[in-house]
Amino acid sequence: MSRILVFGGHGRIALLLAPLLTARGDEVTGVIRNPEHTADVEATGARALVADVEGLVVDELAELIRGHDAVVWSAGAGGGSPERTYAVDRDAAQRSMDASERAGVRRYVMVSWLGSTADHGVPEDDSFFPYADAKWAADEHLRGSGLEGTILAPGTLTFDEPTGRIRIDPEGSGAVSRADVAAVISASLQEPCTIGRTIRFGNGDAESAVPIEQALAC
């Protein structure tokens with residue numbers, strides 16, 4: 001059994017992830033900002049923890065993280081103002097990494113996006129730029145940390161049924177079902193070969209996709 005702390009516990013991917021983890025015996029805590037989401041999180045078998053990560057400093061985040069075996073960052077501002085995007089997707093994410101180190105919890109999985117690179121190509125006057133810039137900065141912070149980090153970078157998220165198969169470094173938008181993203185997170189937490197890697201993936205087609213466990217193996 002592992003004790004997993006999931007930031008963004010009410011997100012669509014996190015709500016799909018929690019049942020996968022609890023089914024194998026893991027203890028899951030979903031961090032949520034809105035107490036009205038408690039019932040949704042607990043229906044998955046996870047425990048809900050109400051905390052506004054946007055306003056917590058490193059020491060406060062470390063108190064939330066301490067005692068867990070791994071952290072999953074699946075939180076995000078979900079659009080909105082550029083200021084809040086940077087506050088959550090970059091600043092809060094980076095503080096959570098610093099807090100993980102302070103708490104002695106080294107395993108950390110970041111849910112990023114396919115295009116998160118220094119040369120992502122999004123123009124500064126594009127409304128998507130703050131997200132692209134914030135996610136790249138968060139990913140770089142994890143790479144520079146002392147954590148056992150994994151960056152999972154899915155393509156365009158869909159509501160399709162899970163396939164259990166993905167393609168690494170997909171072409172185009174790299175469309176992938178949220179359920180398969182949840183399965184990749186779950187598998188990566190058990191696969192030491194994912195530590196230190198940035199894994200960009202989509203569902204691919206029948207010929208290019210392989211089972212998730214095979215795709216993540218060394």
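**Exercises on helix packing and nonpolar cores**

In this predicted model, α4 and helix α5 (residues 129–143) pack with their axes 9 Å apart and at an angle of about 10°.

**Exercise 1.** Classify the relative orientation of α4 and α5, and divide the residues of their contact by class.

Solution. 
- Step 1. The angle between the two axes is about 10°.
- Step 2. Angles under 35 degrees count as roughly parallel.
- Step 3. α4 and α5 are therefore roughly parallel to each other.
- Step 4. On the α4 side, the contact is formed by Pro-82, Thr-85, Tyr-86, Asp-89, Arg-90, Ala-93, Gln-94, Met-97 and Asp-98. Their partners in α5 are Phe-129, Pro-130, Tyr-131, Asp-133, Ala-134, Lys-135, Ala-137, Ala-138, His-141 and Leu-142.
- Step 5. Sorted by class, these are 11 nonpolar, 3 polar and 5 charged residues.

**Exercise 2.** Describe how helix α3 (residues 58–65) crosses helix α4 (residues 82–103), including the handedness of the crossing.

Solution. 
- Step 1. The two axes come within 8 Å and cross at roughly 60°.
- Step 2. That angle makes α3 oblique to α4.
- Step 3. The crossing of α3 and α4 is right-handed.
- Step 4. From α3, Val-58, Asp-59, Leu-61, Ala-62 and Ile-65 take part in the contact. From α4 come Ala-92, Arg-95, Ser-96, Asp-98, Ala-99, Ser-100, Arg-102 and Ala-103.
- Step 5. The contact of α3 with α4 comprises 7 nonpolar, 2 polar and 4 charged residues.

**Exercise 3.** Identify the elements that build the largest nonpolar core, and list the contacts of Ile-185.

Solution. 
- Step 1. The largest nonpolar core has 30 residues. Val-72, Ile-185, Leu-189 and Phe-201 have the most contacts inside it.
- Step 2. At least two residues of this core come from each of the strands β1 (3–7), β2 (27–32), β4 (70–73), β5 (107–111) and β10 (198–202), and from each of the helices α1 (12–23), α6 (178–190) and α7 (212–216).
- Step 3. The most is given by α6, with 6 residues.
- Step 4. Leaving aside residues up to four places away in sequence, Ile-185 touches Ile-13, Leu-17, Val-72, Val-109, Val-111 and Leu-152.

Key:
Residues are numbered from 1 along each chain as its sequence is written. This is a predicted model: local features need pLDDT of at least 70, side-chain atom pairs count only at pLDDT 80 or more; totals for chains, interfaces and linings use all residues. Side-chain values use heavy atoms; hydrogens and water are left out. Axes are lines fitted to C-alpha atoms, for helices over the stretch in contact, and angles run from 0 to 180 degrees between N-to-C directions. Helices (H or I, at least four residues) and strands (E, at least two) are DSSP runs, numbered from the N terminus. Angles under 35 degrees count as roughly parallel, over 145 as roughly antiparallel, 65 to 115 as roughly perpendicular and the rest as oblique. A crossing is left-handed if the near helix is turned anticlockwise from the far one by less than a right angle, and right-handed if clockwise. Contact means heavy atoms within 4.5 Å. Ala, Val, Leu, Ile, Met, Phe, Trp, Tyr, Cys and Pro count as nonpolar, Asp, Glu, Lys and Arg as charged, and the others, Gly among them, as polar. A nonpolar core is a set of buried Ala, Val, Leu, Ile, Met, Phe, Trp, Tyr and Cys residues joined through side-chain atoms within 4.5 Å. Buried means under 20% relative accessible area, exposed over 50%, partly exposed in between (1.4 Å probe, protein chains only).
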